[in-house]
Amino acid sequence: QVQLVESGGGLVQAGGSLRLSCAASGRTFSIYGMGWFRQAPGKERELVTIINWSTGSTDYADSVKGRFTISRDNAKNTLYLQMNSLKPEDTAVYYCAARRPLVSTYDYWGQGTQVTVSS
C-alpha cells in the first residue's frame, strides 16, 4: 500500500501562485507514475498533470500548460505542483494519485486539498 497526503492548498487571488505538496509513504518503491487531479463543484474529476516517477517525464492538460509545473523529489518521496497565474476556474479540490507499473489506473489517492482562486 501507498499512502498519500496533500498539503499547500488555500485561498489566493487571481494571478497569484500556490505550491501543493504530496508526501508518499509505505511501498513507495512500487510507484511508477504520479499525477495531480482536480474536481470542481458539480464537475467530474479531471486530470491536471502526470509525471513518470523514474524518468521525470511529464504531461499537462491544455488548460494548465505554461502555468502549472509538476515535479518530484525522489529522496523525499514527495510530489509537487507549482501553480502560477491562477484563475478562478482553477478553483477545485486537488488530489494527488499514484499508479503502479503495468496498471493503467491510479490505485492510490490522497484526501485532497482545497484551492480557491478569487477574482
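Two strands pair if DSSP finds at least two bridges between them. The legends below apply that rule to a predicted model.

**View 1. Strands β2 and β11 pair in the parallel sense.**
Four bridges join β2 and β11. Strand β2 covers residues 10-13, and strand β11 covers residues 113-118. Val12 stands opposite Val117 in β11.

**View 2. Strand β11 has a covered face and an uncovered one.**
In a regular strand the side chains alternate between the two faces of the sheet. Thr113, Val115 and Val117 make up the covered face of β11. Gln114, Thr116 and Ser118 make up the uncovered face. Strand β11 also pairs with β9, in the antiparallel sense, over three bridges. There, Tyr94 stands opposite Thr113, a residue of the covered face.

**View 3. Strand β4 runs antiparallel to β9 and to β5.**
Strand β4 spans residues 33-39. Seven bridges join β4 to β9. In that pairing, Phe37 stands opposite Tyr95. Six bridges join β4 to β5, which covers residues 46-52. Met34 has Ile51 as its bridge partner in β5. How many of the seven residues of β4 are buried? Six are, so the strand is largely enclosed by the rest of the structure.

**View 4. Phe37 and Tyr106 form an aromatic pair.**
A pair of aromatic rings is described by the distance of the centres and the angle of the planes. The structure holds three aromatic pairs. In the pair of Phe37 and Tyr106, the ring centres are 5.2 Å apart. The planes stand at 75 degrees to each other, and the pair is edge-to-face. Planes over 60 degrees apart count as edge-to-face. Phe37 lies in β4, while Tyr106 lies in the loop between β9 (92-99) and β10 (108-109). The pair therefore ties together parts that are 69 residues apart in sequence. Are Phe37 and Tyr106 buried or exposed? Both are buried.

**View 5. Trp109 belongs to an aromatic cluster.**
Ring pairs link Trp109 with Phe37 and Tyr106. Arg45 lies over the face of Trp109. The distance from Arg45 to the ring centre is 3.9 Å.

**View 6. Ser21 is a buried residue of strand β3.**
Strand β3 covers residues 18-26. Why does Ser21 count as buried? Its relative accessibility is 16%, and buried means under 20%. Leaving out residues up to four places away in sequence, Ser21 touches Val5, Glu6, Ser7, Trp36, Thr78, Leu79 and Tyr80.

**View 7. Gly16 lies in the loop between β2 and β3.**
Gly16 is buried too, with a relative accessible area of 18%. What does Gly16 touch, not counting residues up to four places away in sequence? Its contacts are Met83, Asn84, Ser85 and Leu86. Asn52 is 36 residues from Gly16 along the chain. The C-alpha atoms of Gly16 and Asn52 are separated by 27 Å.

Conventions:
Residues are numbered from 1 along each chain as its sequence is written. This is a predicted model: local features need pLDDT of at least 70, side-chain atom pairs count only at pLDDT 80 or more; totals for chains, interfaces and linings use all residues. Side-chain values use heavy atoms; hydrogens and water are left out. Rings of Phe, Tyr and Trp (its six-membered ring) pair if their centres lie within 6.5 Å; planes under 30 degrees apart count as stacked, over 60 as edge-to-face and the rest as tilted. Helices (H or I, at least four residues) and strands (E, at least two) are DSSP runs, numbered from the N terminus. Buried means under 20% relative accessible area, exposed over 50%, partly exposed in between (1.4 Å probe, protein chains only). A charge sits over a ring if NZ of Lys or CZ of Arg is within 6 Å of the ring centre and within 35 degrees of the ring normal. Contact means heavy atoms within 4.5 Å.
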